[in-house]
Amino acid sequence: MIDKIDGANTLLIHIGMPKTGTTSLQNFLYLNNGILEEYGWCYPVLMDGEMEYWKQWELEGSGNGYDLYDYLIISNVKSEWDKRMDISLRYLKDKNVILSAESIYEFEGDKFIAAVKERYAKVKVIVYLRRQDRAIESLYNQRIKNGTEHRTFEEFIGSDGIPPNFLDYLFKLNSISKIIGKSNLIVRIYEKQQLVDNDTVMDFLSVLGIPLDRNNWERSSMKNISLGGNYLEINRLINSIRGMESHMSEDEGIDWKVKSDFRDICAGLSNLYNKDQKECGFFTMDERERFLRKFVEDNEQVAREYLHREEGILFYDDRMDYPLYEINQSSGIEADMIRIFTEMIYAQARRIQIWLKRCPEM
């Protein structure tokens, strides 16, 4: 059963969670805002004046609600928060408004939602939940790809690098429902068998009450490139070198493009030579079952309280036998060689950067 949104002038905040098709959904909403408005919804850009190219990239990568979240929670710039909140309120005079940013889920989302609620009463929140083992495996893979993680998976899941209560769904939902009420919190499950048409976008549209049979929806051509096999391990080892940058002065910093080149090359080669990509994981079957036992009781309570499922089943997918990523473990000397050649590339990039500063006409 789908909880559809009734009524007008609703502010709907989509908070992810991460790795549940968020970027595809945000791209879709941005590209199809004109059609959404035909049904009384809008996905506004929270800024006045002409939008620069980098802003469009940010909208597609982080969502239209990221600035609003950032200025309140991260940057703490009250004037900018007020300005963007005022723009949201303007749209809410005659439309339903969608704001999306999965960062809200990760850190102090309850503080953000409470602040929005103080400015506007009619707030709803929608969240997509993914089975905990698959959520943490996907997050780890993504962080390696983004260059922010260099630890092994075992080190990662035992670290403080995972956002607080990231997998404690009952805690997360209870914190939000205390602010807006359970009736205003829409919980959806990120599983193909539980999504409308096996798709996050179609599922989201069904929540909005928008017909799914239109044939003029525009879809982004962007694809979420994944890392697999040895390229995942190589990227992890490359990431370990980046910690050395903290010892460098600002003038010796490396162009972000050089950093992203490593990721793009690994991802491109992974997709080229690992064509028979299948769903893999980092847990063995025994580790996966043991990991999930920690969440059984809370997941049952979430199913009963937020999805009204008397049987207490939150996730229908019971598969445990995901194959491990096929990685040829490197020896110590091979790992060190990767690190050495990576640092050599960084050193060369620094020299080129310094040279360009000295010869700006070039």
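User: Arg219 has a relative accessible area of 44%, which places it among the partly exposed residues. What does "partly exposed" mean?

Analyst: Buried means under 20% relative accessible area, exposed means over 50%, and partly exposed lies in between (1.4 Å probe, protein chains only). The model is predicted: local features require pLDDT of at least 70 and side-chain atom pairs count only at pLDDT 80 or more, while totals for chains, interfaces and linings use all residues. Residues are numbered from 1 along each chain as its sequence is written, and side-chain values use heavy atoms, with hydrogens and water left out.

User: Which residue forms a salt bridge with Arg219?

Analyst: In general, side chains of opposite charge can pair when their charged atoms come close. A salt bridge here is a side-chain nitrogen of Lys or Arg within 4 Å of a carboxyl oxygen of Asp or Glu. The partner of Arg219 is Asp199, with the closest N and O atoms 3.1 Å apart. This pair links distant parts of the chain, 20 residues apart: Arg219 is in the loop between helix 11 and helix 12 (229-241), and Asp199 is in the loop between strand 5 and helix 11. Helices (H or I, at least four residues) and strands (E, at least two) are DSSP runs, numbered from the N terminus. Asp199 is also partly exposed, at 22% relative accessibility.

User: How many salt bridges does the structure hold, and which residues are joined into one network?

Analyst: The structure holds 22 salt bridges. Through shared partners, Arg131, Asp133, Arg134, Glu137, Glu279 and Arg288 are joined into one network. Arg134 counts as buried because its relative accessibility is 10%, whereas Glu279, at 47%, counts as partly exposed.

User: Which residue forms a salt bridge with Asp203?

Analyst: Arg188 does, with the closest N and O atoms 2.7 Å apart. Asp203 lies in helix 11 (residues 200-208) and Arg188 in strand 5 (residues 185-189), so the pair ties together parts that are 15 residues apart in sequence. Both Asp203 and Arg188 are buried.

User: In what order do the strands form the sheet?

Analyst: Strands of a sheet pair through backbone hydrogen bonds, either parallel or antiparallel. Two strands are taken to pair if DSSP finds at least two bridges between them. Here 5 strands form an open sheet in the order 2-3-1-4-5, with parallel pairing. Strand 2 (41-42) and strand 5 are the edge strands, each pairing on one side only. Strand 4 and strand 5 are joined in the parallel sense over 5 bridges, and Tyr128 stands opposite Arg188 of strand 5. Strand 1 and strand 3 pair over 4 bridges, with Leu12 and Ile98 as bridge partners.

User: How many residues of strand 5 are buried?

Analyst: In strand 5, 5 of 5 residues are buried. Leu185, Val187 and Ile189 point one way, and Ile186 and Arg188 point the other way.

User: Which residues of helix 5 are buried?

Analyst: An α-helix has 3.6 residues a turn, so residues three or four places apart point the same way. In helix 5 (residues 78-92), the buried residues are Glu80, Trp81, Arg84, Met85, Ile87, Ser88 and Leu92. They cover an arc of only 150° around the axis (taken from the directions from the helix axis to the C-beta atoms), which puts them on the same side of helix 5. These buried residues pack against strand 1 (11-14), helix 4 (66-74), strand 3 (96-100) and helix 7 (109-119), where contact means heavy atoms within 4.5 Å.

User: What backbone features occur at Met17 and Lys19?

Analyst: Most residues other than glycine have a negative phi, and most peptide bonds are trans. The peptide bond from Gly16 to Met17 is cis, with omega near 5°. Lys19 has a positive phi, near 65°; this residue is in the loop between strand 1 and helix 1 and is buried, with a relative accessible area of 17%. His308 also has a positive phi, of about 55°, but His308 is exposed, with a relative accessible area of 62%.
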